[in-house]
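Hi everyone, thanks for making time this morning. I'd like to walk you through one model, starting with its metal sites and then moving on to the helix packing.

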Amino acid sequence: MASTVSSRPIPALYTVYILRSTMRHASLYIGSTPDPPRRLKQHNGAIKGGAARTARASLRPWEMVGLVSGFPGPVAALKFEWALTNPHLSLHIPTESRLSVARQTKKNGHPRRPPVSMQSILANLHLLLRVPSFARWPLRLHVFMPDVHAAWTKWVAQVQTTPEAPLEPVEVLTDFQPSESGVMGADEIELGPPWGIHALPLDYGPMRDYVDKAQDIFTFEREGDCAVCNMALPAGQGLYAVCPNKSCEAVGHLRCWSDHLLAGEVSTHGHTHGHVLSGDTPLVPKNGHCPDCGGPVIWGDMMKELTLRMRAPKEAEKLVKAKRRQEKAADKAAALADKAASKAAAAAAVEDLPSSFEVEPSVVKTIKTATKKMRKPNEAEKPTAAKATKITKSTRVTKAASTLTKAAKTAKPTKTKAARAVTAAVGEASAALLDRSESPEVIVV
Ligand SMILES: [Zn+2]
Ligand SMILES: [Zn+2]
């Protein structure tokens, strides 16, 4: 049983997604992936590897309207994907709860898959997220389209009105496309943070501080005593898990954490644990509280850190190092962006411009590229630099633009301090450009 799968750490992200054709909303597809943006590109034919069922040109482009995250690995995700694709067959769904029932059989005698709609997918999702086989995993539903979210809410309300006791809630996160009101217009320049699948963390980035803390504890052998059983924890002699809460250094035996969290679950939910479990005592905890700091503890997060530390120490180290580097780069980029913003503001304030003054289209382009770069730091680096040096009509605005480009180049991914500062600077710079367009001598292209 000890396969290669179990020797890998719990992946940073593994999802089961719902794909919908933007051309024909009734065309739906369910799949699983650790990298939704790349997978979407495959479905849309931008890169190799899309499924045959999504290859028809008339159905492209596809969009990911929602997904479930939190799978402990590809096998787990595949199980869920299969159950969601075959709700009429899945043994994870008890017969009495089955929503999709096969009413026809195929020639070979197998039950034919009942017709699939967004409604049926959401209903089965609602069911599967709560069945015993899946309810112990830290699964979360993400919804990216308002209409799909409305359908979900409607379904949940409908199910909740049944006379039974209230159902265990499912954690739902929404991330809709923000209504763009950028100064240059949405088609001119893509302002604003990414959203939907493009805002999902694909790496262990969100765990950096946690991983950093744990590394520090074990490197300097500060394990101390088990937070649960109070026995000493000899360095390097067992599986020790660490509290995920910031500044809490509670460490405990893996088994002790598990017992502690499970005990907490039984005392808060009673033996049956809502509708999730039918009498069986769960072997794997879901969440609870730290005995030291009292803060929330999600078992899945704790296992992610533990497996990363034990099974991929090099990856963990890289993550911590990258954190330090990024912090430095972010500070630098933020400083550059500040400088650029003040330059842009100064440029806007200049009134005695020559009457023939023109803002180069390349300036606008440079800012545009800078923004794009900010969203995707690895692309278009060289062309941007070249463009920045090509701008010959030296005005303060062009200078500001090239500083911006530099800032964008230094800026790492989107949600960093630097990226926000660059966004602000780009906003100010483009506002400055627009301001000048109001004066008759100035032409903004
Ligand atoms: Zn212990
Ligand atoms: Zn704690």
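Predicted model: local features only at pLDDT ≥ 70, side-chain atom pairs only at ≥ 80, totals over all residues.

Around the zinc ion, ligand 1, the four donor atoms subtend angles of 105 to 115°, which makes the arrangement tetrahedral. For that label, four donors need all angles between 85 and 135 degrees; four would be square planar, and six octahedral, if opposite donors were over 155 degrees apart and all others between 65 and 115, and anything else is irregular. The coordinating atoms are Cys226 SG, Cys229 SG, His253 ND1 and Cys256 SG, at 2.1 to 2.3 Å. A donor here is an N, O or S atom within 2.8 Å of the metal (3.2 Å for Na, K and Ca), and since water is not among the atoms, sites may look incomplete.

Residues are numbered from 1 along each chain as its sequence is written, chains are lettered from A and ligands numbered from 1 in the order in which they are written, and side-chain values use heavy atoms, leaving out hydrogens and water.

Back to ligand 1: the donor spacing in sequence reads C-x2-C-x23-H-x2-C. Cys226, in the loop between H6 and S6, and Cys256, in helix H7 (residues 254–269), are 30 residues apart, and the pair links distant parts of the chain. When I say helix or strand, I mean a DSSP run, H or I of at least four residues, or E of at least two, numbered from the N terminus.

One residue in that loop between H6 and S6 is Asn230. Asn230 has a positive phi of about 65° although it is not a glycine. As a reminder, most residues other than glycine have a negative phi, and most peptide bonds are trans. Pro61 sits in the loop between helix H1 (36–43) and strand S3 (62–69).

Now, which residues hold the zinc ion, ligand 2? Its protein donors are the SG atoms of Cys243, Cys248, Cys290 and Cys293, 2.2 to 2.3 Å away. The four donor atoms subtend angles of 106 to 119°, so this arrangement is tetrahedral. In sequence, the spacing is C-x4-C-x41-C-x2-C. Cys243 is in the loop between strands S6 (240–242) and S7 (251–253), and Cys290 in the loop between S8 (287–289) and S9 (296–298), so the pair ties together parts that are 47 residues apart in sequence.

On to the helices. The axes of H3 (residues 118–128) and H5 (residues 146–160) come within 10 Å and cross at roughly 55°. Axes are lines fitted to C-alpha atoms, for helices over the stretch in contact, with angles from 0 to 180 degrees between N-to-C directions. H3 and H5 are therefore oblique to each other; under 35 degrees would count as roughly parallel, over 145 as roughly antiparallel, 65 to 115 as roughly perpendicular, and the rest is oblique.

The contact of H3 with H5 divides into ten nonpolar, two polar and no charged residues. Nonpolar covers Ala, Val, Leu, Ile, Met, Phe, Trp, Tyr, Cys and Pro; charged is Asp, Glu, Lys and Arg; the others, Gly among them, are polar.

Last one: how do H6 and H8 pack? The axes of H6 (residues 208–219) and H8 (residues 299–311) come within 10 Å and cross at roughly 55°. That makes H6 oblique to H8. Thanks, and happy to take questions!
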